[in-house]
Amino acid sequence: MMSSPRNLEYEQLWLNAHTDTRAAVYTFSSCITLADLNADGDFKLVVADLGTGSTNVKLKVYKGTSLHSETALLDVPTGVTSFYMDLNEPRMPAIAVASGSNIYIYKNMRPYFKFSLPSMDINPLEKDLWMQVRDEQIEHGVFIELLNNLRAEIGFSQMSTQSQHLLTLDSSNTSSFVQQNCKFPVKRQTVVTCMTTLKKALAEETAVSCLVVGTESSEILVLDPEAFTILEKIKLSDEDSTTLAVPAVLSACGLHAVEFRIVAACRDGSLRLARRGWTETKTLVQLPAQPVAMTISPDNASITIALMNQTLQCYSKKGKLQWMINLPAAACALCPVPLPHQSATLVAVSLNGGLLQLYNGRQLVDVIKAPQSVSGLVFGRFGQEENALIMFTVDGSLLVKILKRTAHFNLNGGGNTASVAPGAAQQIKLQIPKKTRLFLDQTMRERDNCVMMHRTFQRDLFQLRVDVARACVKALQSCNNPVSLEGAEPLKLSAQVLGLGPLFKMVISLQNISASSMIQGLGILFHFDDKMYSMDKPFINVPLLVPGLEYPFETMIRNISELALSDQVRVLVVKDGQSQPVLAAIINMPVCDLLGMV
Amino acid sequence: MDLIFLALSLYKKRQFEECVKTCTELLDKNPFDQAVWVLKMKALTEQLYVDDLEAEEEGIAEAFMDNETIAESARPGTSLKNPGTSQGGSTQGYRPWTQTGRPVSGVVRPGTQTARPGTMEQALRTPRTSKTARPSTSQSARTIRLGTASMLSEPGGPFIQLSRINLGNYAAKPSLAKPLFLYILYHENSIRHALQLAVLATQACEFKDWWWKVQLGKCYYSLGLMREAEQQFRSALRQHQCIETFLRLGRVYIRLDQPLSALDVCRTGLEYFPKEITLLTEIARIFEGLNNMTMSVKYYREIVTEDSTNVEAIACIGMHHFYTDQPEMALRFYRRLLQMGLYNAELFNNLGLCCFYAQQYDMTLSCFQHALSLAKEDDVADIWYNIGLIAIGVGDTRLAGQCLRLAISADSSHAPAYNNLGVLELRRGRVNEARAFFQAAASLAPYLFEPYFNHAALSNKLGDLQASYIVIQKSLEAYPSHIPSQELLHALEKHFTFI
């Protein structure tokens, strides 16, 4: 009962600043950032558009509501972030785009620097094999076999990029691939999976930050912002287990020079912590499901994380579960919403279906509805506006909402709306219709004449069985069965007629319903009145039928009769060398609608 | 005998063909005899007159290319397009739905089987036989066949050449214009000419004749100009209250998908004509369309107290009782129909089902035997299907299987039969066959949730969780409040998110 007036209240907090349903930007939260690119106080929206996933990958900059600039990207990005890399005036932030094994740094939206992740050790045997194939000392076939042996020995993930690529190819493409690639040096490089920033020495908003990069080789690298040297290299391994975890989401807080915490939510569902001076991480907790998105509260370093099992969970910095709420739908994205004027940091969670919920701790304080599921979500300063919420939906539209300056979230209290009075479900009465007088009378009749009724019923039942058996035999003899009976070929036929006429399309689908045996040598024959209809293919050859799959066969059929009448068409499935059809069905053709003159 | 008198007498005796013949003879002698001309016109019209209110059917073109759509998602219970949203309505669990997501009705009338499909593809794909296909537009060849003779060539050319006639001359003469209008509308089915004549005639009588306004509205309605039609009907109603006008105005609102306005119109009509059967029937049908069965049945009961032989009302009340778990009451209503002289396969089929569920076993099978012997081609499948249900109830799965196969051989697109056959095969442990049957049922009838649910449950049992997950979502699309489907989906989701 509480929900409807509250909803009205929710709507008033946000203003619709901009809606562009044709923006066609497909992206995720990790690839969106807000930055004061020109140091003029006008914050731009920098977003990496994933395009179709292979083409149209672009870095787009929105100034206000219009697209300001576009830069093509070579590869699909995994993260975009803005950070200050030096102390030069004017204070212009750089944009870092992680893509493949490189991080591209843009300044003033011009390419500035490319950082490549250090290449990793290659198994000497593998290197040797590639050398030999380059010098044509071994055959390609032998080479691939040896590589396969090596894979079994050291594991696929320990091999070089080239070998990995080669081993996933079809046997037909391998030799050309080997020829093309054997000239290049063998490399083994990892890729960036996620990226975030960490302030270096000062906590100010425009202070210099380090990049924190998570890699596929289960490492977290902290990079120096000026020299791009690796300051810290932290292994995501555990002291008690040797398994490595690949980070999926990274969050950092603190200062690099003083004390910092980096939390990595890994693909195996573990939450791992790294601190200053550590070379290995420590597992905080094993999550019950895979992570979707995560944020660290700057106040008490508690971790709020959305999981794939439709829950939002909060852990203390020690990894103790503080609270857990069930979300009404699966979470798609999450972002922190810092509100300094209310000295609170909310968490916005976008849900599958387009709902966006804002939580203060475990308390739901606001709900926003988007037309589609929001895949990319970011909150911050956009243009001149302090508190803007930027949303990209799965269908590529861009929505910008501005928090009203007068908006005040009801952060304390509001009641727990989720609680339902216990036993409410038990108080719903089932609607069972009352037994009528008539029913009772009939029951009396039944009770009085039970023997007679039973005898009549049994007699009729026997009669019915005979009738049914006769009808079955008749159907069998006239082969009028779209599903084969026992003993015959296990086949099923269904037919559909599409179109308004006089030209119709007839779709016959055949399915082999046996467990394992193939059926071949079939044909489909149509039997119809040639004065009424003409058909493109009165006979269709059926290829070998594999069990379980449905094979559609199409033909056009035209009503050629002058009168607007319809007739039946018989479909017969015949087998080579059998005089009787296997299956047959009658199709009642539709009347064709000649469009009348109005 | 005077030939004109003979012709008039024949017309009164409703021997229209002879009347037309006599008139033609007279006209051959004197082509300018207006009285005979009008009589011939009337005779020709009467020959082909259809109750266009009853026979009306919305075509595919009207349903899809309608530019009057206002709200995409109407509030629950205010639209005929999504009857599932009404509160307190029946669900698929109790009462089977037709392919358009609408509970089955007690009687078959235009629109009960094929009203408002969800998508164009669904509309075109529906098992289109000569009995069930819907016309592509309401102005299609079917109405021409129903209502006009213009398709068949007449010896010596048509009676009136519409393109040559000067409509202005006739418009001013009401005695000529009205029969001519009806002739053009019903015999020639030329709405354009009819509209022209009606416009001229209303102008000639200075907008004072309500009859012309109704006719104008009729023309606008068939041309799809709903707002214009509404205006004409409303203006006609201000001058003169007539049952037909109320009904037609109601139809305008139904076409505009404003069933509540249509109900209002009918109720206003009832104030002028208390307890009028046609208006009550219209109200009951609208409530049925809105899936508000209790209200619908209330009005049908009112009809029965007025007219105790109204087949539609009795059948609908019977159906309602059957699906609200009171088969003994339904039995009584169907028996009433039988006493009234109705003698067809559908009735015996329903009687048989009622007897079975009301535990009057001695009559059950003899009813079905009767039904089978009376059945026409398109009913046989349903009767075999129902006998299959009885066989399942008795526990004779072999007999049930045979009956269901017979149902399929009679109608190869009988989806419920495929579904039940699938369940029987599953009980015998033949998984592949069962799955094939479920798939066939689902592809033939995507509006049924049972095949989807069965398929999903089977896939789940076999460990094909991905398939199960996809299929169960389709089941919930067809029947969102089906608890076992929801539970299965929940279990699957839990399974997928668990590490």
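Start by selecting Ser412(B): in this predicted model, Ser412(B) counts as buried because 28 other C-beta atoms lie within 10 Å, and the cut-off for that label is 20 or more.

Now show what surrounds Ser412(B). Leaving out residues up to four places away in sequence, Ser412(B) touches Pro482(A), Ser494(A), Ala495(A), Ala585(A) and Ile586(A).

Next stop, helix 23 of chain B, residues 431-444. From first C-alpha to last, its 14 residues reach 20 Å, close to the 20 Å expected at 1.5 Å a residue. Is helix 23 of chain B largely enclosed or open? Of its 14 residues, 11 are buried, so helix 23 is largely enclosed by the rest of the structure. Among the buried ones are Glu433(B), Arg435(B), Phe437(B), Phe438(B) and Leu444(B). To see what covers them, select strand 29 (491-498) and strand 30 (503-512) of chain A, then helix 22 (415-427) and helix 24 (450-462) of chain B; the cover includes these elements.

Finally, hop over to chain A and pick out an open, antiparallel sheet of four strands, ordered 33-31-35-36. Strand 33 (539-542) and strand 36 (583-588) stand at the edges with a single partner strand each, so one side of each has no neighbour in the sheet. On average, neighbouring strands here are turned by 20 degrees against each other, direction ignored. Zoom in on strand 31 (522-527) and strand 35 (568-575) of chain A, an antiparallel pair with six bridges. There, Leu522(A) stands opposite Lys575(A) of strand 35.

Methods: Residues numbered from 1 in each chain as written. Chains lettered and ligands numbered in written order. Predicted model: local features only at pLDDT ≥ 70, side-chain atom pairs only at ≥ 80, totals over all residues. Helix = DSSP H or I, 4+ residues; strand = E, 2+ residues; numbered from the N terminus. Expected span 1.5 Å × (residues − 1). Buried ≥ 20, exposed ≤ 12 C-beta atoms within 10 Å, placed from the backbone. Contact = placed C-beta atoms within 7 Å. Pairing = 2+ DSSP bridges. Axes fitted to C-alpha atoms, helices over the stretch in contact; angles between N-to-C directions.
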